[in-house]
Amino acid sequence: MGKSRKKAVKKKKKNSYSAMLCIAGIALALMITLMFQSHQLENKLASYEARAAELTESIEEEEARTEEISELKEYMTTEEYAEEVAREKLGLVKENEIVFEEE
């Protein structure tokens, strides 16, 4: 009975080591998977941040363009603009102006 008991204890220890090794392997596999996914998420985050910066810059450019258009719209309602167009496109002059033409 002594030998069989020793065999049982050895077998139990061997099974115990096998189980611990199996658990360690599973834990290692999970850790590697999590590290890989973490790396992928960091890459996605970096690309999203770059895209957000691009969009912010685009928004600022469009706001500046909108401001420019608004100022131009205001200028086009003034008499100064009407006179400028009349001079350039229609060739009109004021009554008291003298026009010199090049030959």
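I started with Lys 94, which comes out partly exposed at 40% relative accessibility. This is a predicted model, so everything here is read off computed coordinates.

Next I looked up what Lys 94 pairs with. Its partner is Glu 83, and the closest N and O atoms of this salt bridge are 3.7 Å apart. Glu 83 sits in helix α2 (residues 79-90) while Lys 94 is in the segment after α2, so the pair ties together parts 11 residues apart in sequence. I checked Glu 83 as well: it is partly exposed, with a relative accessible area of 36%.

How many salt bridges does a search of the whole structure find? I got three.

Then I went to helix α1. Arg 51 and Glu 54 meet there through their side chains, 3.5 Å from N to O. Both lie in α1, three residues apart, which is about one turn of the helix. Arg 51 is partly exposed at 46% relative accessible area.

Arg 65 and Glu 62 were my next stop. Their salt bridge has its closest N and O atoms 3.5 Å apart. Again I found both residues in helix α1, three residues apart, about one turn. Arg 65 is partly exposed with a relative accessible area of 48%, and Glu 62 is also partly exposed, at 40%.

Last, I looked for charge on the surface. Glu 57, Glu 60, Glu 61 and Glu 63 gather there in a patch of negative charge. I picked out Glu 61 from the group: it is in helix α1 (residues 2-76). Is Glu 61 buried or partly exposed? It is partly exposed, with 47% relative accessible area.

How values were computed
Residues are numbered from 1 along each chain as its sequence is written. This is a predicted model: local features need pLDDT of at least 70, side-chain atom pairs count only at pLDDT 80 or more; totals for chains, interfaces and linings use all residues. Side-chain values use heavy atoms; hydrogens and water are left out. Patches are made of residues with over 30% relative accessible area and no salt bridge: like charges are joined within 9 Å, nonpolar side chains (Val, Leu, Ile, Met, Phe, Trp, Tyr) within 5 Å. Accessible areas come from the Shrake-Rupley method with a 1.4 Å probe; for residues, only the protein chains shown count as cover. A salt bridge is a side-chain nitrogen of Lys or Arg within 4 Å of a carboxyl oxygen of Asp or Glu. Lys and Arg count as positive and Asp and Glu as negative; His and the chain ends are not counted. The place of a charge is taken as NZ of Lys, CZ of Arg, CG of Asp or CD of Glu. Helices (H or I, at least four residues) and strands (E, at least two) are DSSP runs, numbered from the N terminus. Buried means under 20% relative accessible area, exposed over 50%, partly exposed in between (1.4 Å probe, protein chains only).
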